[in-house]
Amino acid sequence: MRILRAATVSATVTALAAMASGCGGGTGPGGGGSNDSPRTLTYWASNQGPDVEADKKVLGPELKKFERQTGIKVKLEVIPWPDLLNRILAATTSGQGPDVLNIGNTWSASLQATGALLPWDKGAFDKIGGRDRFVAPALGATGAAGKDPAAVPLYSLTYALYYNKQMFKDAGISRPPTTWDELVAAGKRVSKDGKWGLGAEGGQLANNIHQAFVLGKQHGADFFDAAGKPSFTSDGAVAAVKQYVDFMAKDKIIAPGNAEYGQNQSLRDFATGRTAMVLWQAAATTFAADGMKPTDWGVVPVPVPSGTPGSGRQTNSMLAGINIAVFKNTHNLNGAQKFVKFMTGDAEQKLLNKTYGSIPPVRAAQQDPAFDRQDTRVLRETLTRSAAPLPQVADEAQFETSVGTAIKDLFADAAAGKPVTTGSVKARLAKAEQQMAQ
Amino acid sequence: MRRLPVRLRRAGLPYLLLLPALLLELLVHLVPMVIGVTMSFKELTHLFLGNWGAAPWKALGNYRISVDVNAPVGAALLHSFWVTCVFSVLAVGLCWLLGTAAAVFLQEDFRGRGLLRAVFLTPYALPVYAAVITWAFMFQRDNGLVNHVLHDQLRLTDGRPFWLLGDNSFYALLVVAVWKTWPFAFLVVMAALQNIPRDLYEAAALDGAGRLRQLRRITLPSLRPVNQVLVLVLFLWTFNDFNTPYVLFGKAAPEAADLLSVHIYQASFATWNFGTGSAMSVLLLLFLLVVTAAYLLATSRGRKHADG
């Protein structure tokens, strides 16, 4: 009997211990970082290159450089995209995570709300050379407005309009479009005999959001009001979503099959000459992988109503990119800040952004000639002049899922030949807004 | 030290030997389940991830949202539940039918039997992601193999139908699920068939029973205990299947193929609303428990009748 009781007791204790460690874990919520282990750092890098091994090859020598400068050894782990957010959430829950990590910049406000990341106040920014080293739009995507940023911009990307030079020539289009009317007109001239004007990824929720967000800006609408409450059904938001879906439904310059694309098939269609235009971020390497020569395509800024990109209603890209953050429970706070300074330094910014095909968010690093090629110049100018961060609200992930799905469903309607009206768009967006309220 | 009485020592030994397994079982299965159930009573959003002990207690709030069928969340969950029920019943039925038929036909000895068996088992041996993503490409409207065969070659359809959008997505999902799971049914029934004594068939043949009669009177009754477990396992797997719909449709499945597991993922975990997601998962668990219990009760009672 005693053994049985002992078994029960020990089992209960184990269970309780496991539960306690499951929900508490690490240092408490109030605890900031410490400097317990000043000689080592753990760095979670996002997968930027073609694969994880390629990233290790790129980052390895740089981390050695950092070790030579500071004597701090950096343990690198490159995490594939589908796992990154889950790993960060798990680390947040357990309190056991890396010292420094990369985050998608659209997650900034959400992760900021979890309290897992060290805020970058003025003192912290001064240690890495001050806020002014970074371009303003990139800083806009580092956390909710009015709060200390949760991260620092590392690699930036913007959208551009890629077009097939030969297909434009064959259709008698002399210059690439700068307004949406011109884009639709050009698209209609191309769209015949199995060829189409524009490519889209109707099944990719995040991409749907990026396009709708920019068109929303151009209609003077935001998907969240100043208080951070969703406002998906404003006239501007409805018009923006309808304009995007109408490229397929009304203008018929997007092939109906694109409604189900979700694995970047639209890029392949572009590279193989099936579509003449595509709106994408830094697509050069993908085109090359599909056998398209850099001389075959041209790149211009995404169209805006006035023809000249700028801020406000002339915004023509969401600001995509990667931020670098310090985990709050780090055991090497000083080392972590030194590492962020190293990674955002001019030399590393030039080298890493050049390698990955992104644009440095650091002003001084943008002067490098590598960011003045035909494609990178457009991306760089868009970044400094006419890009805006996605809404920096804690509910960003919900926004992406609910509105992204609404647009996917609207594309499905358009592809099936069902009418897409202002009413039907509004109904879908109203449903998305209700889902946010749960 | 006082020695324990012999009887007690004997009685305690099995428990002592079971102890490590029991502890591990607690750790691996029960504790996560208890934590999951606890989460379902809390308002656990990303705001409380760092210290989820501090998340506000919501009592039955998450459950109320999930079962309120007049509100959008509950209505969508109910719709998804019906879709999953119909899907599971069809998928399990087809898997069982195909598996049993193939196993019975392959019972005869003929040339190439081993090869056929191996071929039949391939879908089961392929990695899920690779297999399903291949199907996703085959189901594409413009460049997919399915439309190429149905429309371009056989001219069975007027236009090129969408398979991954709209109502057809249900059938696409059903085909992939059955394709992926039926080899398991085949494997299990094949093994069970080996255990039926040959004499029974010989005796039946002497008595003048034809093939069909042998199937009805000997094969199927002998398979009964195996089928009982097989159908249950197939049902649980299909009902809970996450990989197939997720790889086929991505984060947002079309309404016609909105299976519960992906629905719960999308409605809660993808949006960092872990409390609601846990509540929905607990409801799913309860439903499956009830179905399993009812099924076991009904089938074992039936068997006692047949035996007696």
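**Close-up views of chain A**

The crossing of helices α16(A) and α17(A) is right-handed. The model shown in these views is predicted.

**View 1. Two helices, α16 and α17 of chain A, pack against each other.**
Helix α16 covers residues 396-415 of chain A, and helix α17 covers residues 422-436 of chain A. Their axes are 9 Å apart. The packing angle is about 155°. Angles over 145 degrees count as roughly antiparallel, and α16(A) and α17(A) are therefore roughly antiparallel to each other.

**View 2. Residues of α16(A) meet residues of α17(A).**
From α16(A) come A:Gln398, A:Ser402, A:Val403, A:Ala406, A:Asp409, A:Leu410 and A:Asp413. They meet A:Ser424, A:Val425, A:Arg428, A:Leu429, A:Lys431, A:Ala432, A:Gln435 and A:Met436 in α17(A). What classes do the residues of this contact divide into? Seven are nonpolar, four are polar and four are charged.

**View 3. Chain A is assigned two domains, domain 1 and domain 2.**
According to the domain assignment, domain 1 of chain A takes in 40-157 + 320-388. Domain 2 of chain A takes in 159-318 + 395-436. The C-alpha centres of these domains lie 28 Å apart.

**View 4. Domain 1 of chain A touches domain 2 of chain A.**
Here 16 residues of domain 1 are in contact with 19 residues of domain 2. Which elements give two or more residues to the domain 1 side? They are α4 (108-114), α15 (374-385) and β11 (387-388) of chain A. Helix α15(A) gives the most, with six residues. By class, the domain 1 side that touches domain 2 has seven nonpolar, seven polar and two charged residues.

**View 5. Five strands of chain A form an open sheet.**
The strand order is β2-β1-β3-β10-β4 (chain A). The pairing is mixed. Which strands stand at the edges? They are β2 (73-79) and β4 (152-157) of chain A. Each has a single partner strand, so one side of each is left without a neighbour in the sheet. From one strand to the next, the twist averages 20°.

**View 6. Strand β3 of chain A is joined to strand β10 of chain A.**
Strand β3 covers residues 100-104 of chain A, and strand β10 covers residues 320-326 of chain A. How many bridges join β3 to β10 in chain A? There are five bridges, and the two strands run antiparallel. One bridge partner can be picked out by name: A:Asn102 has A:Ile324 in β10(A) as its partner.

Note on methods. Residues are numbered from 1 along each chain as its sequence is written. Chains are lettered from A and ligands numbered from 1 in the order in which they are written. This is a predicted model: local features need pLDDT of at least 70, side-chain atom pairs count only at pLDDT 80 or more; totals for chains, interfaces and linings use all residues. Axes are lines fitted to C-alpha atoms, for helices over the stretch in contact, and angles run from 0 to 180 degrees between N-to-C directions. Helices (H or I, at least four residues) and strands (E, at least two) are DSSP runs, numbered from the N terminus. Angles under 35 degrees count as roughly parallel, over 145 as roughly antiparallel, 65 to 115 as roughly perpendicular and the rest as oblique. A crossing is left-handed if the near helix is turned anticlockwise from the far one by less than a right angle, and right-handed if clockwise. Two residues are in contact if their C-beta atoms, placed from the backbone, lie within 7 Å. Ala, Val, Leu, Ile, Met, Phe, Trp, Tyr, Cys and Pro count as nonpolar, Asp, Glu, Lys and Arg as charged, and the others, Gly among them, as polar. Domain bounds come from an automatic or database domain assignment. Two strands pair if DSSP finds at least two bridges between them.
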